[in-house]
Amino acid sequence: MKGMVTMQGQVTEAPLLAVEELSKAYPGVVANDGVFFSIARGEVHALLGENGAGKSTLVKMIYGLVHPDGGRMLLDGVPYAPQSPSDARRAGVAMVFQHFSLFEALNVAENIALGMEDPPPRGALSQRIREVSAAYGLPLDPERIVGELSAGERQRVEIVRCLLQDPKLLIMDEPTSVLTPQEVEILFTTLRKLRHEGTAILYISHKLDEIIELCDSATILRHGKVVATCNPREHSARELAEMMVGEILIPPRRARRTFGEVVLEVGGLSLPAATQFGTALHDIRLVLRAGEVLGIGGVAGNGQDELLAALSGERTTAPGTIRLGGREIGALGPAARRALGLLAAPEERLGHAAAPDMSLTENAFLTGAVRERLVRHGLIDWSRSRDFACRIIEGFDVRTPGPEVPARALSGGNLQKFVIGREVMQHPEVLVVNQPTWGVDAAAAGAIRQAILDLAGAGAAVIVISQDLDELMEISDSFAALNEGHLSTPRPAEGLSVEEIGLMLGGVHGGTTAGGTGEGAHADP
Amino acid sequence: MDLSAIDPVLLLASLMISATPILLAAIGEMVVEKAGVLNLGVEGMMITGAICGFAIAVESGSPFPGLAAAALAGAGLSLIFAFLTQVLLSNQVATGLALTLFGLGLSALIGKPYAGVKPPPSPRLDIPFLSDMPVLGPILFRHDLMVYGSLALVVGVWAFLKYSRAGLILRAVGENHDAAHALGYRVVRIRFLAIMFGGACAGLGGAFLSLIRVPQWTEGMTAGAGWIALALVVFASWRPWRVLLGAYLFGGITVLQLNLQAAGLAIPVEYLSMSPYIVTILVLVYISARKRGSSLDAPASLGRVFHATH
């Protein structure tokens, strides 16, 4: 990275931004404790850490949204203490937010004007947006309504908004979590161009292979403290993950690989699309034996949600299309299927797998009522429900003050552990999960994968639907690809190469999916 | 029945008078809702404005201090709502309803000594040539100044929301208060100002009723005008010109049905009385239903509680 700087001919020895002993405490939690790091011009600096390690608090202090309790920052060698985001913007600091800070009902130009200190008049601004967006390969139409744009295009709006102000420092909080692999490539090209022009970039991401590919240096945070500063290129993804977590990560291991009898048979399952934007399922066939983990890969939107809905019973089909232990269950709803031992955990944690404003006890009751016998004489048995919730919290290391906390209050990783744990604890015969580790940090993802393997080891059959091929290769016994609602014939996962998987996923999608997704932490051989 | 008793010129002339109180209240409430706040206290702020304006006008002998006092009273009452909902994070629907009940009671209390008193007259527009024109003169150019003031207010609100940076920020706050906060805008302060503007407009609308349209004070004289204003904002899809159209339509039919009642039309009075409500709703529903799927309608943060997380 120093090479980059000298290549630019900028012999400024002083860093662009130096953060010294920065601290911030909230009631009950120290978010940042003596945090230090520095970033030079033209440097891409990664901030690494698990959920709750204090990365967001740190960048919010740099962007003036949060005021530090102690410590100081120097920008260009001058003390820098922004009181508000507009102070930060005036000082040349710009930020692209994780959850986009966009206004859907407003158009692109209005959105960009809102993020600028002194926006030029409408016509001139539109002209500038066209110029800048074209110059960086991020074409944008200033008149489009943001609500109509894709996730990648929305991020362009945020980036162009920053670029229009010629920032010295660009902060990016989890910029790739919602992008397709192709969009990630475009973003990286833009970021490299900016680095070449001398812009410093502070980059936050969970995806360690992206960090290794893009960043010149990294600061690793754990529990609000800096635990390491390193050059990510000199480390493997697993080493970085272990520095974040502070313990040795053991790749999930399964106890045995012997399969029992066939428990689930799906044959000739077809389902029309439920909505205009849905995908129809065509003649899905699969056979699942006790103790087997079937991984189903594919690019998002190829029928994953529909397949889960058909298997869980949210959408019913002809009775004979799905057989559980020889019994026809295609026409049964979710509750009846649960009673028979087929459980499911859908992808969307808040709103689908869990009711956001209800407590963990209530959420535990919602799916566990029948199998855990949480209903007595037609009334809710609260003490048993609470007990069930507590067992999930304990068994799956869900970090929460208690079972009375609403689901919304949990971090993504903790809620996901709760949602998966809730089904695993009910001892299913068959478990279907969709995207079990999406947006979950490395340690939690490892725990969830281990739980799935343990469940299979105990004799249950598991279907894991995921876009993370590394994850599927790690835990699956057999693999099938879902492409435009068609499921390929499942094949043994052992010995399957990335090229073969690419072909199964439908050729064109194969390469990008295999290279672009993946948590990375466990990807290292 | 004698329809010839209805003078179309007088009818059109009284249309503008009849519509103005609702127009004032509705345009103010529209700004409040554009900022993402639902204030159901319009009726209470209107009637408080009506009595405060009336009292000050009578005491001072001039309508202008009265109008100013009405705007201040409406804004003051709305300040209670703003404090409760924006600082103490109370529920907007319940707080708004309470504000209406409070306003009705408060106005009855203040208004006791003023029942039956005649307020000072307010000046009308008098432009030598225009006001003397045969038909257009009485319809358009002989009204109270406040009528033109309310029209100017609609134009001003429209231009403010569409063209000014402050208007853009206000819309942004109503659209996504979390994003606006993340960009460094003071969501609570902006909403306070919007709520006070809405209160002032409602107060002015009430004073127009008691000082100019009726003009006298009777308890509960707003008779649901504040609720009509609230409904107009929704049916007008939060667009200023549709608010104007809705208010004038409602005002026009109100005047027409009163005239028809006086003329002894052979339709039960109840049907005539409900006709302004029905026609206004039907027309505005028709307009808003034509453009389906438009994402520009309700502000996305409308009625949601904003609580800065850091």
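How many residues does the contact take from chain A and from chain B? It takes 24 residues from chain A and 18 residues from chain B, where contact means heavy atoms within 4.5 Å. This is a predicted model, in which local features need pLDDT of at least 70 and side-chain atom pairs count only at pLDDT 80 or more, while totals for chains, interfaces and linings use all residues. Residues are numbered from 1 along each chain as its sequence is written, chains are lettered from A in the order in which they are written, and side-chain values use heavy atoms, with hydrogens and water left out.

Between them, chain A and chain B bury about 1,700 Å², 64% of it on carbon and sulfur atoms; buried area is the accessible area (1.4 Å probe) that two parts lose on being put together, summed over both. On the chain A side, F103(A), A105(A) and L114(A) lose the most area to chain B, together 34% of what that side buries.

Within chain B, T95(B) has its place in helix α4 (residues 92-111), helices being DSSP runs of H or I with at least four residues, numbered from the N terminus. T95(B) is buried, with a relative accessible area of 11%, because buried means under 20% (1.4 Å probe, protein chains only). Leaving aside residues up to four places away in sequence, T95(B) touches F81(B), L84(B), T85(B) and S90(B).

In chain A, the axes of helix α12 (residues 360-368) and helix α13 (residues 382-395) come within 8 Å and cross at roughly 100°. That makes α12(A) roughly perpendicular to α13(A), since angles of 65 to 115 degrees count as such.

How values were computed: Axes fitted to C-alpha atoms, helices over the stretch in contact; angles between N-to-C directions. Helix = DSSP H or I, 4+ residues; strand = E, 2+ residues; numbered from the N terminus. Parallel < 35°, antiparallel > 145°, perpendicular 65-115°, else oblique. Buried < 20%, exposed > 50% of the residue type's maximum accessible area, 1.4 Å probe, protein only.
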